[in-house]
Amino acid sequence: MSRLSPPPSRIYLLRHAKSAWALPGQRDFDRPLDDTGFAEAEYIADTASDRGYRPDLVISSTATRCRQTAEAMRRVFGPELELQYVDALYNGTLDAYIEIMDAQTAYRSVMLVGHNPTMEETFEALVGREVARHRLPEGYPTAGLAVLDDAGSEPHWALHDMLAPR
């Protein structure tokens with residue numbers, strides 16, 4: 001099931017920012033952002049705000065690096081930004097990502113903060129293989145933010161903008 005029908009009418013797909021390598025004995029789930037990652041997260045949040053992109057809801061993986069990336073959005077957009085943490089996004093499948101977004105019928109715009117390779121797979125499923133390969137020839141970048149709008153026809157989602165750290 002890689003189909004998603006509006007609402008929401010705008011989707012933001014945000015891959016977590018650059019994370020540190022796991023320390024000896026540390027679980028992958030607990031890896032935090034590194035210094036570059038914190039800077040990437042702040043840059044993407046500021047750029048999204050500058051361009052007028054503001055999700056009604058942010059749904060983030062519970063992994064530390066995703067939570068820290070989502071918190072950068074909250075710092076920029078304010079404490080009233082609704083943030084939900086969902087375990088299923090960590091090691092989640094394409095179908096899980098789509099189902100989570102598809103369930104958000106009460107929101108006009110939803111941001112998903114997740115992991116690769118599933119973020120890239122979700123992007124490709126929504127905009128089509130040709131657009132995905134053209135816009136992301138080297139893969140989905142850390143802290144990459146795709147802004148997708150309801151196209152009203154096939155493919156159902158149109159890429160409005162793609163932000164990435166400098």
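1. A residue is called buried here when its relative accessible area is under 20%. In this predicted model, Ala-143 has a relative accessible area of 1% and is therefore buried. Ala-143 sits in the loop that links helix H5 (129-135) to S5. Its backbone deserves attention, as Ala-143 shows a positive phi of about 60 degrees although it is not a glycine.

2. Is Asn-91 buried or exposed? With 65% relative accessibility, Asn-91 counts as exposed.

3. A further backbone feature concerns a proline. The peptide bond running from Asn-116 to Pro-117 is cis, and its omega is near 10 degrees. Pro-117 is placed in the loop between S4 and H4.

4. The sheet is open and consists of six strands in the order S3-S2-S4-S1-S5-S6, with mixed pairing. From one strand to the next, the twist averages 20 degrees.

5. Within the sheet, strand S1 (residues 10-15) and strand S5 (residues 145-150) run antiparallel and are joined by five bridges. In this pairing, Leu-14 stands opposite Leu-145 of S5. Helix H1 packs on the sheet, where it touches S1, S5 and S6, and its direction makes about 120 degrees with that of S6.

6. Helix H4 (residues 118-127) lies across S1, strand S4 (109-114), S5 and S6, and runs at about 155 degrees to S1. In helix H3 (residues 94-102), the buried residues are Ala-96, Tyr-97, Ile-98, Ile-100 and Met-101. These buried residues of H3 pack against S1, strand S2 (57-61), S3 and S4, as well as against H4.

7. How do helices H1 and H2 meet? The axes of H1 (residues 35-50) and H2 (residues 64-77) come within 9 Å and cross at roughly 40 degrees. The two helices are therefore oblique to each other, and H1 passes H2 in a right-handed crossing. On the H1 side, the contacting residues include Phe-38, Ala-41, Ile-44, Ala-45 and Ala-48, while those of H2 include Ala-72, Met-73, Val-76 and Phe-77. By class, the contact of H1 with H2 comprises nine nonpolar, three polar and three charged residues.

Notes. Residues are numbered from 1 along each chain as its sequence is written. This is a predicted model: local features need pLDDT of at least 70, side-chain atom pairs count only at pLDDT 80 or more; totals for chains, interfaces and linings use all residues. Side-chain values use heavy atoms; hydrogens and water are left out. Axes are lines fitted to C-alpha atoms, for helices over the stretch in contact, and angles run from 0 to 180 degrees between N-to-C directions. Helices (H or I, at least four residues) and strands (E, at least two) are DSSP runs, numbered from the N terminus. Angles under 35 degrees count as roughly parallel, over 145 as roughly antiparallel, 65 to 115 as roughly perpendicular and the rest as oblique. A crossing is left-handed if the near helix is turned anticlockwise from the far one by less than a right angle, and right-handed if clockwise. Contact means heavy atoms within 4.5 Å. Ala, Val, Leu, Ile, Met, Phe, Trp, Tyr, Cys and Pro count as nonpolar, Asp, Glu, Lys and Arg as charged, and the others, Gly among them, as polar. Two strands pair if DSSP finds at least two bridges between them. Buried means under 20% relative accessible area, exposed over 50%, partly exposed in between (1.4 Å probe, protein chains only).
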